[in-house]
Amino acid sequence: MATANLRELKVEDALLYLDQVKMEFQGKPEIYNEFLDIMKNFKAQTIDTPGVIRRVSQLFRGYNKLILGFNTFLPEGYKIELSHIEAQEKVFQAEEARRLAEQQGQAPGNYSAQEPNYQTSGNDSKPDSGPPAGGPPPPTSQQGPSA
C-alpha cells in the first residue's frame, strides 16, 4: 500500500473520515457542519492549504486523531504531524492570551508563537496554488500634502 501522502483520495477514505467526524461530534452537529463548510471552501479554493489545515486544526482542537486523519485530504507535499499540532496549539494559546488581555483592557504583551510549516521537505513544486491567505496587498505609502 502506498504512503498516505502519495495516494489518491478515494471516496471510501473520505466517507470513512466523515463518519469518524460525525461520530466524534454526534452531540455537536455544528462542528460537523462547520467542517463541511471548511471543506467546501477548500474545494472552491477560497482558502489555501495552510489555511484549511489551520481551520481544521482549530475546529478539532484536542482531537489529535482527527487532525492527523485530515492528511487524507491534503495535496501532495503537505502533511500534518504531531509536532505541528503541538506548535499550532502554542499559536492558539498565544492568540487566546492576546485576545483575553485586549478584552481586559491590558496592554498587548508578546503573545507570539510561530505557525508550523506543513510542507514536506523535498517538495520541489510551488508551495501552494490556492488563493492567497490574506486579503489584497497593503497600500503603498503615499506622501500627503506638505503643511
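Is Glu-95 buried or exposed? Glu-95 is buried, with a relative accessible area of 16%; here buried means under 20% relative accessible area, exposed means over 50%, and partly exposed lies in between, using a 1.4 Å probe and protein chains only.

Residues are numbered from 1 along each chain as its sequence is written, and side-chain values use heavy atoms, with hydrogens and water left out.

Let us begin with confidence. The mean pLDDT of the protein chain is 76, and 68% of its residues reach 70 or more; pLDDT is the predictor's confidence in each residue, from 0 to 100. Two stretches call for caution. Over residues 1–6 pLDDT stays under 50, and the model has six contacts beyond four places in sequence for them, a contact being heavy atoms within 4.5 Å. Residues 123–147 also have pLDDT under 50 throughout, with 15 contacts beyond four places in sequence. Where pLDDT is low, the predicted coordinates should not be read in detail.

Now for the overall plan. The protein chain has five helices and zero strands, where helices (H or I, at least four residues) and strands (E, at least two) are DSSP runs numbered from the N terminus. Along the sequence this gives the pattern α-α-α-α-α. Among these elements, helix 2 has the highest mean pLDDT (94), and helix 5 (residues 82–103) the lowest (84). Of the 147 residues in the protein chain, 27% count as buried. Take the contacts between residues at least 6 apart in sequence: 60% of them join residues at least 24 apart.

In helix 1 you will find Asp-19, which is partly exposed at a relative accessible area of 46%. Asp-19 and Tyr-32 are 13 residues apart in sequence, and their C-alpha atoms are 9.8 Å apart in space. Just after helix 2, Gln-45 takes a positive phi of about 60°.

Moving on to helix 3, the buried residues are Thr-49, Val-52, Ile-53, Val-56 and Ser-57. They cover an arc of only 130° around the axis, which puts them on the same side of helix 3. Their packing partners are helix 2, helix 4 and helix 5.

Side chains of opposite charge can pair when their charged atoms come close. A search of the whole structure finds four salt bridges, each being a side-chain nitrogen of Lys or Arg within 4 Å of a carboxyl oxygen of Asp or Glu. One of them joins Arg-55 to Glu-34, with the closest N and O atoms 3.3 Å apart. This pair links distant parts of the chain, as Arg-55 is in helix 3 and Glu-34 in helix 2, 21 residues apart. Arg-55 is partly exposed at 30% relative accessibility, and Glu-34 is partly exposed with a relative accessible area of 31%.

This brings us back to Glu-95. Glu-95 forms a salt bridge with Arg-54, the closest N and O atoms being 2.2 Å apart. Glu-95 lies in helix 5 and Arg-54 in helix 3, so the pair ties together parts that are 41 residues apart in sequence.

Another salt bridge brings together the side chains of Glu-89 and Arg-61, at 2.6 Å from N to O. Here Glu-89 belongs to helix 5 and Arg-61 to the loop between helix 3 and helix 4 (64–69), 28 residues apart. Arg-61, Glu-89 and Glu-96 are linked in a network of salt bridges.

Key. Predicted model: local features only at pLDDT ≥ 70, side-chain atom pairs only at ≥ 80, totals over all residues. Arc of directions from axis to C-beta.
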